[in-house]
Structures are given as structure tokens and as C-alpha cells.
Amino acid sequence: MRDNTPPHRPDFEDDDDEILEEIELDANAAPSLDEDDDLEEVTLEQLEARLGLHDEDDEYEMDEESIRDRERIANIIDEAVLTFRNHTAPVFACSLHPHYNWAVTGSEDDLAFVWDTSNSEVLYKITEHKDTITEAHFSHDGAYLVTGDLAGEINVFKVSEQREERPILTKVWEYSMSDMSWLFWHRGAHVLLAGSDSGEVYVWRIPSGDCKILAGQGARCESGELSGDGKKLLTAYMNGAVKLWDLKTCQVLMEVNEQHPMGFGEVTHAVVACELDSPFYICAEGGGKMLFCTNSGPVSVVQSEHGIECIAFAPASSDLKLFACGSLDGHISIWDYSKYSLRTVCENPVPNDGVLRIKWLNDSTIMAATSNGNLNAFDARTGSLKFTLTGHFCHIYELAYKPLDSLLLTVSEDTTAKIFKVPPLGD
């Protein structure tokens, strides 16, 4: 897995609050972007060469691992209903428009595309970036699109519908920050939040650009997530600190630093998650330590036997007080956070198939995206495998789900984006 892949950002559904009100669009909009979909497709042989799966000088001199990888790729059945192939490098970012059949994807080729999920037609090409695009998101109502790259260049576009359901993108705001570690929209307002390598967190109203800065402390802000009420932000830093911020006052409401007896110390990876129905938070680090907190501070610590790459709470609609953890060694565990205890372990069909992303598809079904390009759906109550979707043959870096249409968008190291139709999930 690449070191610079973006952290987990689950979907949100919540009301706006008084300090994050809607902002009127500035009438002085920039010209729309040029359309261009004539890009060279990357062949399987080129991908294999870049990934080290065969030697261009002598393809028969391969080690056993490379031979197994090539055989695995040759046997993959592509179950996607559509594949988007216009990117020429690994694809890290993706989002689905909430109302129209539009997707956006961003890549190491410094390009983002807005395209039609019914036929893969390119609707717009975004060329403003000069570094790997790791973030691309439609706002909660689909009115805006943001793209961001590793260098901290951020572009926001107003999204308008043209005839025949084709979008018009008009740039309304841009910003250059220090190297960016994560970026997402507020789930109920036109407000952007971004973390930086230097530790500061930026909060912008869009399109005015009014900005608040949550002070850093010289350590990378590795992960951030909104609280259930949308008024607070939980952040984790590479020096082991965990903070809960009030977005209105920019004050720290709760902090666990490296001196705290329940603290982490320096970490190599950290992820956070917020329970949407109550003020309950989790921060987990790559070594497997999980810290449970409320608004008042930490309440418990649990050490997992496996390192943790990603975590996600069950939906607020679920009666189950569960969260899921995924590990790079392929271990997937379901925890009961009311008891701080392990409930079940999922039956990963491929041993050591690292889990890079986890998303809840409904109250009892989780989807795990893996380093071998698999999409495994599990019953979180029992850990049993429901189904697997295949088509990618390398790391899946991000996924987006549209429940009303049962559509899943995925992006991968193999330079493609794919649309899958999710089977009926049941109860």
C-alpha cells in the first residue's frame, strides 16, 4: 500500500448547525472547463511492467511470487457493470453525485474526471492540479465539487445541470495550503475541512472562502472526522495526540496527549471514527491500540491483536452497537463498543488480503476493499461472507456507495475506476 493514500472518510447524513449556514454563490464565476476525453488507455502489459509482474527484458525470469500474481490476475472475473479507463496512473479519489449519474475520480496522473456512470462518457476533465489528486468529493447536496492534491492545492467548482443531464462546472474558489493529509465536506453545509502535514486544520465556508484555523502542534494531522451533531471535529496526530474541537469557538474540548496514561505516544498511522447517534469516539493506531472517548475524555483502551488500518461505526439506524476494524494482514473484526469487547471475526476468503477500506452498506452488512482488489461483503452479526465482487487486480484505495441505486464506485492502483451493482443485502 502507498504511504500517501488518504485516510478513511465515511458518508454522513445530518442537519446543518447555526454557525455553518448555507452561503450564496458569488455571481462572478470563472469560465467552465474544457471537455476532453481523448486519453490513451493503459494496457495490461504496461500495468504488469509498472507493478513488477514481468521483466520487459526477459518475461520468463520471474520469481514465484510474481508468477502467482500473474496467474491470479489472469483468473480474475470482472463483475463490474462498467469500467472507466481514462486515467493513466493509480486512482485514489472518488465520489458519486447524490442526484445524477455522475462520478468524479482523481489520480496520480494529476487529473480528475467527471464522468457518466451509465456509459463512462467523460463530461469534464479537470487539469488545474500539478500533483497527485487524493481527494475528490461532491458536497452533500451535489451543488459543489472539490478536488485536492498532495501539495495542498484545492479547487472548488459550482455544479449546475445543463440539458440532457450534463453538468456545467464553474470554478468558484481555490486555495493553496501546506501539504494536505485529508479533505472532506461538512455533511450538512457548504463547508470544507482539511488537515495538513504541519498539523493545522482549516475550515472554510464556500464559496466566500471565510476561514478558521485549528492550531497545529508541529505534527501531521493524520485523520479527522465530524461528530454526530456536526458541531465538533475529532482529530488524531502523528505524535499520538487526539483532540476534540468545537468548530464554532475553535477551542479544544477534549485532549489526550502522549503524557496521558491512556495515550498513544508517537504513531505511524491513526484513524478516527465518531458514533453518529451519541457523543462517543474511537481513535485507533497502526499497532492495534484503540482509545474510546466521550466529550469528557477517554473512558477505555483496548489492544487488538492486529494492526488497524481502518475503522467504521455501524449506521445510526442500527440497533447494534458495533464498529468494524480492518487490518493490512487481512484480519476483519467486529466489536461491541457498549462492552469494549470483540464480537466476531469475519471469514476473509483470501488469507492475508489486506483490508484498506471498510464501509457499512446497511445496518448489518460491511464491505471490505482489499489489497488484491476484492470487495468482500460480510454479515457483521455473524462474520460470515455474504458475497464477493471482483474486477480490480490491485489495491482498492477508495469506494463510494449509492444505496438508492445499489451502485458501488471503486478506484484502484490498477488505474481504473469501476461501477458494481450490489446484490440485495437483506436484513
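Me: Which residues line the second largest cavity?

Reply: Rolling a probe the size of a water molecule over the atoms shows where empty space is left. Here the second largest cavity is lined by L96, H97, Y100, N101, W102, T117, K402 and L407. A cavity is a set of points on a 1 Å grid over the protein atoms alone where a 1.4 Å probe fits but cannot get out, and a lining residue has an atom within 4 Å of a point. The model is predicted: local features need pLDDT of at least 70 and side-chain atom pairs count only at pLDDT 80 or more, while totals for chains, interfaces and linings use all residues. Residues are numbered from 1 along each chain as its sequence is written, and side-chain values use heavy atoms, with hydrogens and water left out.

Me: How many aromatic pairs does the structure hold?

Reply: Rings of Phe, Tyr and Trp (its six-membered ring) pair if their centres lie within 6.5 Å; planes under 30 degrees apart are stacked, over 60 edge-to-face, and the rest tilted. The structure holds 20 aromatic pairs. One of them, between Y144 and W185, is tilted, with 6.1 Å centre to centre and 35° between the planes. This pair links distant parts of the chain, 41 residues apart: Y144 is in strand β7 (residues 144–149) and W185 in strand β10 (residues 180–185). Strands are DSSP runs (E, at least two residues), numbered from the N terminus.

Me: Why does Y144 count as buried?

Reply: Buried means under 20% relative accessible area, exposed over 50%, and partly exposed in between (1.4 Å probe, protein chains only). Y144 counts as buried because its relative accessibility is 1%. W185 is also buried, with a relative accessible area of 6%.

Me: What lies over the ring of Y144?

Reply: A charge sits over a ring if NZ of Lys or CZ of Arg is within 6 Å of the ring centre and within 35 degrees of the ring normal. The charged end of K158 sits over the ring of Y144, 4.9 Å from its centre. Likewise, the charged end of K243 sits over the ring of Y237, 5.5 Å from its centre.

Me: Where is D131 found, and which residues does D131 contact?

Reply: Contact means heavy atoms within 4.5 Å. D131 is found in the loop between β5 (122–126) and β6 (133–138). Leaving aside neighbours within four places in sequence, D131 is in contact with D110, D149, L150 and A151. D131 and D149 are 18 residues apart in sequence and 5.8 Å apart in space, C-alpha to C-alpha. D131 is partly exposed, because its relative accessible area is 28%.

Conventions
1 Å grid on protein atoms, 1.4 Å probe; cavity = no way out; pocket = protein on both sides within 12 Å on 5 of 7 lines; lining within 4 Å. Helix = DSSP H or I, 4+ residues; strand = E, 2+ residues; numbered from the N terminus.
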